[in-house]
Amino acid sequence: MNRFEATWQDSDATNRDERFMRLAIALGERNLGLTWPNPSVGSIIVDESGAAPVIIAQGATQAGGRPHAERVALAAAGERARGATLYVSLEPCSHHGKTSPCADAVVEAGVSRVVSAIEDPDSRVAGLGHARLREASIEVTVGVLGREARRAHLGHITRVTRGRPAVTVKLARSTEGLAGSRHGPRLMLTGEIANAKVHLMRAHADAIMVGAGTVLADDPLLNVRLPGLEARSPVRIVIDSSLRTPASARVVAGARDIPTWIVTSVAAPVEAERALTALGVEVLRVESDEGGRVLLPEALRLLGTRGLTRIFCEGGPELADALAKADLVDELVLITGRSARGQGDVPALGLALQDRMDFLDCRAEEQIGPDLFMFWERP
């Protein structure tokens, strides 16, 4: 038995499909943040000819989006794929891009059955991959763990259906509901274990986003500092309507090592842009509102055209509330940490975000060390 092989004793075919699909989804989730503009798909190949099914190969979409998960798994399986079952967390592609369609590769490999979690909403696919497989007399089952797969592929789905990346807002608050102090030092509300969890979430995002106020107040690095995952630091994005970000900011100083984009208004000073671009920052301009603030829907659409699918927003209450007001919050991670009695005066949840939460579902709570994580999502 090679390192991919495992056997399952399970007489319930539906339960077996869910177990294998859960593994496929988990494989794809490992590479979230590495594959944009493509989705991070997971796939496994199972030999069901014996008394018990045997996993013979697995694959995930590789960094940069190629090769796709199905091709990785098929290459690992070789001739053993003939007559086997392929589990895949997203419909195999059916269009010609940099490579030929994965659906054709599955047919050529002789796979006899395909279990797909969800149809790909990309208009270039949208059921055509499944149709191609059925035309080749391959048995196709769609919808196994569909909800979990949609969550895993939220960025891809949002980009192809809404024209923008999915946005996850992360906010930390004290037990009194405060996020910080307007004039005092930064409040350290969460513990080391919770902070490590946040860094892992960063590693699975395409980009981290903050506002210029956060850069000026905290001078953050906005990178991943988990041992062994430092190379997983995503693109850093600053929403800065008037280009206030100083050349001395740490995100600017490291712009040649970690891509750093500043989204500003068309009216922002050209001299400031020149100073920032000379240091490796990329400046993107969009329209502004009557107050001169970047129009966030336009900013997100522009970031979608750049290929981003998942943005992790750590910009604090002001940016979070602006995103909520524009209906751009797809997920909310709310962390309740220690008390800040007598120190903070900035509420973590603005009025727009509080209103928006009435339309979000709380899908999970998780105690991580002394801190409570609550995960909310758009239905």
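The largest cavity here is lined by 14 residues, and those nearest its centre are Leu32, Pro39, Ser40, Thr309 and Arg310. Keep in mind that this is a predicted model. The largest cavity holds about 60 Å³ of space, and the structure has one cavity of 30 Å³ or more.

**Cavity and pocket**

- Sorted by class, the lining of the largest cavity has four nonpolar, eight polar and two charged residues.
- The second largest pocket comes in at a volume of about 750 Å³.
- That pocket is lined by 26 residues, with Glu29, Leu32, Arg151, Arg310 and Arg363 the closest to its centre.
- Leu32 and Arg310 turn up in both places: they are among the residues nearest the centre of the largest cavity, and among those closest to the centre of the second largest pocket.
- The pocket's lining splits into 15 nonpolar, two polar and nine charged residues.
- Several elements each supply at least two residues of that lining: helix H1 (13-30), H5, S7, helix H7 (192-203), S13, S14 and strand S17 (371-377).
- H1 gives the most to the lining of the second largest pocket, with four residues.

- Helix H6 covers residues 154-162, and its buried residues are Leu154, Gly155, His156, Ile157 and Thr158.
- Those buried residues pack against helix H5 (146-152) as well as strands S7 (166-173), S13 (310-313) and S14 (331-336).
- After H6 comes Gly163, with a positive phi near 75 degrees.
- Over in helix H11 (residues 296-305), the buried residues are Leu296, Ala299, Leu300, Leu303 and Gly304.
- Looking down the axis of H11, these buried residues fall within an arc of 140 degrees, so they line one face of the helix.
- Just after H11, Gly307 has a positive phi too, of about 100 degrees.

**Cysteines**

- How many disulfides does a search of the whole structure find? The count is zero.
- Cys102 is buried, with a relative accessible area of 0%.
- Cys362 is in no disulfide either, and its nearest cysteine sulfur, in Cys313, is 19 Å away.
- Cys362 is partly exposed, at a relative accessible area of 35%.

- Ser43 sits in strand S2 (residues 42-47) and counts as buried, at 0% relative accessibility.
- Leaving out residues up to four places away in sequence, Ser43 touches a list of residues that includes Ala24, Leu27, Ala57, Gln58, Ala69, Leu86 and Val88.
- Ser43 and Arg186 are 143 residues apart along the chain, and 44 Å separates their C-alpha atoms.
- Glu119 is in the loop between strand S5 (113-116) and helix H4 (128-135), and is partly exposed, with a relative accessible area of 43%.
- Glu119 and Glu91 are 28 residues apart in sequence, yet 5.1 Å apart in space from C-alpha to C-alpha.
- Glu91 is also one of the residues Glu119 touches, along with Leu90, Ala126, Gly127, His130 and Val142, not counting residues up to four places away in sequence.
- Asp257 belongs to the loop between helix H9 (250-253) and strand S11 (260-265), and is exposed, at 69% relative accessible area.
- From Asp257 to Ala69 it is 188 residues in sequence and 29 Å in space, C-alpha to C-alpha.

- As background, most residues other than glycine have a negative phi, and most peptide bonds are trans.
- Trp36 and Pro37 are joined by a cis peptide bond, with omega about 10 degrees; Pro37 is in the loop between H1 and S2.
- Arg66 and Pro67 are joined by a cis peptide bond as well, with omega about -10 degrees; Pro67 is in the loop between strand S3 (54-60) and helix H2 (69-77).
- Asp219 has a positive phi, near 45 degrees, and lies in the loop between helix H8 (212-218) and strand S10 (235-239).
- Leu222 lies in the loop between H8 and S10, with a positive phi near 55 degrees.
- Is Asp219 buried or partly exposed? Asp219 is partly exposed, with a relative accessible area of 26%, whereas Leu222 counts as buried at 3% relative accessibility.

Definitions and conventions:
Residues are numbered from 1 along each chain as its sequence is written. This is a predicted model: local features need pLDDT of at least 70, side-chain atom pairs count only at pLDDT 80 or more; totals for chains, interfaces and linings use all residues. Side-chain values use heavy atoms; hydrogens and water are left out. Buried means under 20% relative accessible area, exposed over 50%, partly exposed in between (1.4 Å probe, protein chains only). Contact means heavy atoms within 4.5 Å. On a 1 Å grid over the protein atoms alone, a cavity is a set of points where a 1.4 Å probe fits but cannot get out, and a pocket is an open set with protein on both sides within 12 Å along at least five of seven lines; lining residues have an atom within 4 Å of a point. Grid points are joined across faces, edges and corners, and a volume is the space filled by probe spheres set on the points. Ala, Val, Leu, Ile, Met, Phe, Trp, Tyr, Cys and Pro count as nonpolar, Asp, Glu, Lys and Arg as charged, and the others, Gly among them, as polar. A disulfide is a pair of cysteine sulfur atoms within 2.5 Å. The arc is that of the directions from the helix axis to the C-beta atoms.
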